[in-house]
Amino acid sequence: MRMRSPPEKVFEYFASFRAPNGEVFMTPADLMRAVVPVFPPSESDYVRYGSLRGERVPSDLRYTASQFFMLFDTDNDGLISFPEYIFLVTLLSIPESSFSVAFKMFDLDNNGEIDREEFRRVMALMRSHNRQGAQHRDGLRIGLKVGGSVENGGLLEYFFGKDGKSCLKHEAFVQFLRDLHDEILQLEFAHYDCKSRGTISANDFALSMVASADMRHINKFLRRVDDLNDEPQLRDIRITLEEFKNFAELRKRLQPLSWAIFSYGKVNGQLTKGDFQRAACQVCGISLTDNVVDIIFHIFDANRDGSLSLDEFVRVLQRRERDTSQPREPGFMGLLSCWLSCTTNCSSGNIFLN
């Protein structure tokens, strides 16, 4: 659904609010579910619906009001329009470093800020690299009723003021990107923390890890998650928001981590829990608790020999990052290729409008 459907269909499927005029909107939790696959919390009484295990109808969504999203909610309704959805999924798809490069290239006077028109060109470039952003047709594809253009969402007013004459500083926007990723993580954590205990169960943390697994193998991983309940030393573990965020940060640094654990495992024949923790800390600068590592190994130590099944672990984490970014071409070279194509074949006016 998320990977193969046009963005209008994804938006309409997950959006849970319909205005009297027929326009549909997302809550912040709807946005989270549109970009992050989640299962029902194991500690809730939610009823499962749909053809995919764990899917619920959008009207059943529950969420806590988000102060972050209220920052750019110009009409104070707590809802996200289709243009803002395209804007946000584009931001979520682009690595901070890539966006910084584009930002600086459009900063012609090198003063660390860009104006509204320059920013719109940067966003047009970013959307052309993102599958959801590139394929949108402002709702026309499936007849979705949309108020306003993607080029003129409420977020532009937040960044540039009602008159559009303010400038956006690079540092401020980088912080916004970080806050956006952090907010999505907090919404995902809150989804599993349905009783507002400040922690989630080992079962739910494991579900969050495997939710992006290939559907051909998902049942295998779900059986391993279910097996947590048979392990007394694991089933009562509670994972904090800090531990949840640290693991998410590890996903962002999967390339150096993969190189470290594959090379070490190949030389030594296995990768123990201590080896894995050391790689995360020394290579990626991330401290993982024993509880987190114990759950990781329960899910990804396929033959229970005390060594991580590296292929499975890396493949599942790669899918999570890829599903969130939904690129048209992989990696920074895809963005560079897109950029060169745009500058070669398009005028600046066409880049601005696409």
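Predicted model: local features only at pLDDT ≥ 70, side-chain atom pairs only at ≥ 80, totals over all residues.
1. Helix 10, which spans residues 202-210, and helix 11, which spans residues 218-227, have axes that come within 10 Å and cross at roughly 165°. Since angles over 145 degrees count as roughly antiparallel, helix 10 and helix 11 are therefore roughly antiparallel to each other, and their crossing is right-handed.

2. On the side of helix 10, the contact between these two helices is made by Asn203, Ala206, Leu207 and Val210, while helix 11 contributes Ile218, Phe221, Leu222 and Val225. Sorted by class, the contact of helix 10 with helix 11 has seven nonpolar residues and one polar residue, with no charged residues.

3. The buried residues of helix 2 include the charged Asp30 and Arg33, and among the others are Pro28, Leu31, Met32 and Val35.

4. The structure holds 14 salt bridges, and one of them joins arginine 197 to glutamate 43, with the closest N and O atoms 3.4 Å apart. Arginine 197 lies in the loop between helix 9 (170-192) and strand 5 (199-201), whereas glutamate 43 lies in the loop between helix 2 and helix 3 (67-70), so this pair ties together parts that are 154 residues apart in sequence. Glu43 and Arg197 also belong, together with Arg238, to a network of salt bridges.

5. A further salt bridge is formed by the side chains of aspartate 182 and lysine 245, at 2.9 Å from N to O. Because aspartate 182 lies in helix 9 and lysine 245 in helix 13 (residues 241-252), the pair ties together parts that are 63 residues apart in sequence. Aspartate 182 is partly exposed, with a relative accessible area of 25%, and lysine 245, at 24% relative accessibility, counts as partly exposed as well.

6. Lysine 220 forms a salt bridge with glutamate 312, and the closest N and O atoms of the pair are 3.0 Å apart. Lysine 220 lies in helix 11 and glutamate 312 in helix 17 (residues 310-325), so the pair ties together parts that are 92 residues apart in sequence. Lysine 220 counts as partly exposed at 27% relative accessibility, whereas glutamate 312 counts as buried at 13%.

Key. Residues numbered from 1 in each chain as written. Heavy atoms only, no water. Axes fitted to C-alpha atoms, helices over the stretch in contact; angles between N-to-C directions. Helix = DSSP H or I, 4+ residues; strand = E, 2+ residues; numbered from the N terminus. Parallel < 35°, antiparallel > 145°, perpendicular 65-115°, else oblique. Left-handed = near helix turned anticlockwise from the far one by under 90°. Contact = heavy atoms within 4.5 Å. Buried < 20%, exposed > 50% of the residue type's maximum accessible area, 1.4 Å probe, protein only. Salt bridge = Lys/Arg side-chain N within 4 Å of Asp/Glu carboxyl O.
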